[in-house]
Amino acid sequence: MKISLVSLGCPKNQVDSDIIAHGLLKAGHSTVADMTEADVCIINTCGFITSAKEEAIENISLVVNKIIENTMETDVVIALETMAGKGTEIGRSFEEIKRIIDGVNNKEKIGVCMDTCHLNDAGYVVADFDKVLDDFDKVVGLSYLHCIHI
(Lines give C-alpha, C1' and ligand atoms only; values in the text may rest on other atoms or scores of the structure.)
Protein backbone atom coordinates (compact mmCIF):
# COMPACT_ATOMS: atom_id res chain seq x y z
CA MET A 1 0.00 0.00 0.00
CA LYS A 2 1.24 3.51 -0.86
CA ILE A 3 1.06 5.86 2.10
CA SER A 4 1.59 9.61 2.20
CA LEU A 5 2.69 11.00 5.53
CA VAL A 6 2.16 14.75 5.94
CA SER A 7 3.74 16.30 9.01
CA LEU A 8 2.57 19.80 9.91
CA GLY A 9 3.68 22.14 12.65
CA CYS A 10 6.34 21.61 15.25
CA PRO A 11 9.57 19.56 14.89
CA LYS A 12 8.21 16.86 17.25
CA ASN A 13 5.63 16.03 14.62
CA GLN A 14 8.41 15.29 12.13
CA VAL A 15 10.04 12.91 14.63
CA ASP A 16 6.68 11.19 15.18
CA SER A 17 6.14 10.97 11.41
CA ASP A 18 9.60 9.43 10.94
CA ILE A 19 8.77 6.76 13.53
CA ILE A 20 5.44 6.05 11.82
CA ALA A 21 7.12 5.89 8.39
CA HIS A 22 9.73 3.43 9.69
CA GLY A 23 6.99 1.14 11.01
CA LEU A 24 5.07 1.34 7.74
CA LEU A 25 8.14 0.52 5.67
CA LYS A 26 8.99 -2.37 8.00
CA ALA A 27 5.44 -3.69 7.49
CA GLY A 28 5.98 -3.72 3.71
CA HIS A 29 4.25 -0.50 2.73
CA SER A 30 5.79 2.26 0.66
CA THR A 31 5.65 5.98 1.21
CA VAL A 32 4.95 8.62 -1.44
CA ALA A 33 5.48 12.37 -1.18
CA ASP A 34 2.42 13.35 -3.24
CA MET A 35 -0.72 12.66 -1.21
CA THR A 36 -2.82 12.44 -4.37
CA GLU A 37 -0.82 9.33 -5.37
CA ALA A 38 -1.39 7.59 -2.03
CA ASP A 39 -3.83 4.87 -1.09
CA VAL A 40 -3.85 6.26 2.44
CA CYS A 41 -2.87 9.69 3.71
CA ILE A 42 -1.87 10.26 7.33
CA ILE A 43 -1.87 13.90 8.38
CA ASN A 44 0.10 14.46 11.57
CA THR A 45 -0.99 17.87 12.81
CA CYS A 46 0.07 20.36 15.43
CA GLY A 47 -2.71 22.55 16.78
CA PHE A 48 -0.38 24.79 18.75
CA ILE A 49 0.88 26.65 15.70
CA THR A 50 -1.88 28.58 13.89
CA SER A 51 -0.31 28.27 10.44
CA ALA A 52 0.02 24.49 10.93
CA LYS A 53 -3.63 24.23 11.95
CA GLU A 54 -4.72 26.16 8.86
CA GLU A 55 -2.52 23.97 6.66
CA ALA A 56 -3.94 20.84 8.32
CA ILE A 57 -7.52 21.93 7.63
CA GLU A 58 -6.63 22.58 3.97
CA ASN A 59 -4.91 19.19 3.67
CA ILE A 60 -7.81 17.35 5.31
CA SER A 61 -10.15 18.94 2.75
CA LEU A 62 -7.76 17.95 -0.05
CA VAL A 63 -7.66 14.33 1.12
CA VAL A 64 -11.45 14.22 1.53
CA ASN A 65 -11.78 15.53 -2.04
CA LYS A 66 -9.50 12.73 -3.27
CA ILE A 67 -11.51 10.11 -1.39
CA ILE A 68 -14.76 11.46 -2.79
CA GLU A 69 -13.29 11.56 -6.31
CA ASN A 70 -12.31 7.89 -5.95
CA THR A 71 -15.72 6.86 -4.60
CA MET A 72 -18.07 8.85 -6.86
CA GLU A 73 -19.58 5.66 -8.27
CA THR A 74 -20.65 4.56 -4.77
CA ASP A 75 -23.06 5.80 -2.13
CA VAL A 76 -20.19 6.53 0.28
CA VAL A 77 -20.50 9.67 2.38
CA ILE A 78 -17.47 10.82 4.37
CA ALA A 79 -18.43 11.67 7.96
CA LEU A 80 -16.09 13.98 9.87
CA GLU A 81 -16.25 13.25 13.58
CA THR A 82 -16.29 16.06 16.10
CA MET A 83 -13.17 15.87 18.26
CA ALA A 84 -12.48 16.53 21.94
CA GLY A 85 -9.68 19.02 21.34
CA LYS A 86 -6.91 17.33 23.28
CA GLY A 87 -4.22 19.76 22.24
CA THR A 88 -3.60 19.09 18.57
CA GLU A 89 -6.88 17.64 17.32
CA ILE A 90 -8.51 19.30 14.36
CA GLY A 91 -12.31 19.35 14.43
CA ARG A 92 -12.71 20.33 18.06
CA SER A 93 -15.13 23.13 17.21
CA PHE A 94 -18.02 23.49 14.82
CA GLU A 95 -16.07 26.30 13.14
CA GLU A 96 -13.16 23.95 12.33
CA ILE A 97 -15.56 21.30 10.98
CA LYS A 98 -17.21 23.98 8.83
CA ARG A 99 -13.86 25.13 7.43
CA ILE A 100 -13.04 21.55 6.40
CA ILE A 101 -16.45 21.20 4.72
CA ASP A 102 -15.95 24.56 2.97
CA GLY A 103 -12.88 23.06 1.28
CA VAL A 104 -14.78 20.01 -0.01
CA ASN A 105 -15.92 20.27 -3.63
CA ASN A 106 -18.84 17.82 -3.57
CA LYS A 107 -20.92 18.78 -0.53
CA GLU A 108 -23.38 15.91 -1.06
CA LYS A 109 -20.62 13.43 -0.17
CA ILE A 110 -19.59 14.99 3.17
CA GLY A 111 -21.28 14.88 6.56
CA VAL A 112 -20.61 15.00 10.28
CA CYS A 113 -20.70 12.39 13.02
CA MET A 114 -21.42 14.31 16.21
CA ASP A 115 -19.67 12.57 19.11
CA THR A 116 -21.37 13.77 22.30
CA CYS A 117 -18.52 12.66 24.58
CA HIS A 118 -16.01 14.56 22.44
CA LEU A 119 -18.30 17.61 22.37
CA ASN A 120 -18.56 17.55 26.15
CA ASP A 121 -14.76 17.35 26.48
CA ALA A 122 -14.41 20.21 23.99
CA GLY A 123 -16.57 22.43 26.21
CA TYR A 124 -20.00 22.11 24.62
CA VAL A 125 -22.79 21.65 27.22
CA VAL A 126 -24.38 18.44 25.95
CA ALA A 127 -26.86 18.51 28.85
CA ASP A 128 -28.52 21.29 26.83
CA PHE A 129 -28.48 19.28 23.60
CA ASP A 130 -31.09 21.49 21.91
CA LYS A 131 -28.66 24.42 22.21
CA VAL A 132 -25.80 22.25 20.87
CA LEU A 133 -27.93 21.35 17.85
CA ASP A 134 -28.94 24.99 17.39
CA ASP A 135 -25.27 26.09 17.51
CA PHE A 136 -24.34 23.32 15.05
CA ASP A 137 -27.13 24.42 12.71
CA LYS A 138 -25.99 28.06 12.81
CA VAL A 139 -22.33 27.23 12.10
CA VAL A 140 -22.36 24.06 9.98
CA GLY A 141 -25.99 23.33 9.10
CA LEU A 142 -28.13 20.41 10.25
CA SER A 143 -28.19 19.05 6.70
CA TYR A 144 -24.60 17.88 7.31
CA LEU A 145 -25.46 15.96 10.51
CA HIS A 146 -25.46 12.30 9.44
CA CYS A 147 -25.14 10.53 12.78
CA ILE A 148 -24.82 11.13 16.51
CA HIS A 149 -22.44 9.03 18.61
CA ILE A 150 -23.89 8.98 22.13
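Modeller: I will start with the rings: there are two aromatic pairs, counting rings of Phe, Tyr and Trp (its six-membered ring) whose centres lie within 6.5 Å. The model is predicted, so local features need pLDDT of at least 70 and side-chain atom pairs pLDDT 80 or more, while totals for chains, interfaces and linings use all residues. Numbering runs from 1 along each chain as its sequence is written, and side-chain values use heavy atoms, without hydrogens or water.

Colleague: Why is the pair of Phe94 and Phe136 called edge-to-face?

Modeller: Planes under 30 degrees apart count as stacked, over 60 as edge-to-face, and the rest as tilted. The ring centres of Phe94 and Phe136 are 5.2 Å apart and the planes stand at 90°, so the pair is edge-to-face. Phe94 belongs to helix α3 and Phe136 to helix α5, so the pair ties together parts 42 residues apart in sequence. Ring pairs also bring in Tyr124, making a cluster with Phe94 and Phe136.

Colleague: Which residues does Tyr144 touch?

Modeller: Contact means heavy atoms within 4.5 Å. Leaving out residues up to four places away in sequence, Tyr144 touches Ile101, Lys107, Ile110, Gly111 and Val112. Ile110, with neighbours within four places set aside, contacts Tyr144 and others, including Val64, Leu80 and Ile101.

Colleague: What makes a set of residues a nonpolar core?

Modeller: Its members are buried Ala, Val, Leu, Ile, Met, Phe, Trp, Tyr and Cys residues joined through side-chain atoms within 4.5 Å. The largest such core has 22 residues, and Val64, Leu80, Phe94, Ile101, Ile110, Val112 and Val140 touch the most other members. Elements giving at least two residues each include α2 (50-70), β4 (78-81) and α3 (94-102). Helix α2 gives the most, with five.

Colleague: How do you know where the buried residues of α3 lie around the axis?

Modeller: The buried residues of α3 are Phe94, Glu96, Ile97, Ile100 and Ile101. They cover an arc of only 165°, so they are on the same side of α3; the arc is that of the directions from the helix axis to the C-beta atoms. An α-helix has 3.6 residues a turn, so residues three or four places apart point the same way.

Colleague: Where is confidence lowest and where highest?

Modeller: pLDDT is the predictor's confidence in each residue, from 0 to 100. Strand β3 (residues 40-44) is lowest, at a mean of 69, and α5 is highest, at 98. The chain's mean is 85, and 87% of its residues reach 70 or more.

How values were computed: Buried < 20%, exposed > 50% of the residue type's maximum accessible area, 1.4 Å probe, protein only. Helix = DSSP H or I, 4+ residues; strand = E, 2+ residues; numbered from the N terminus.
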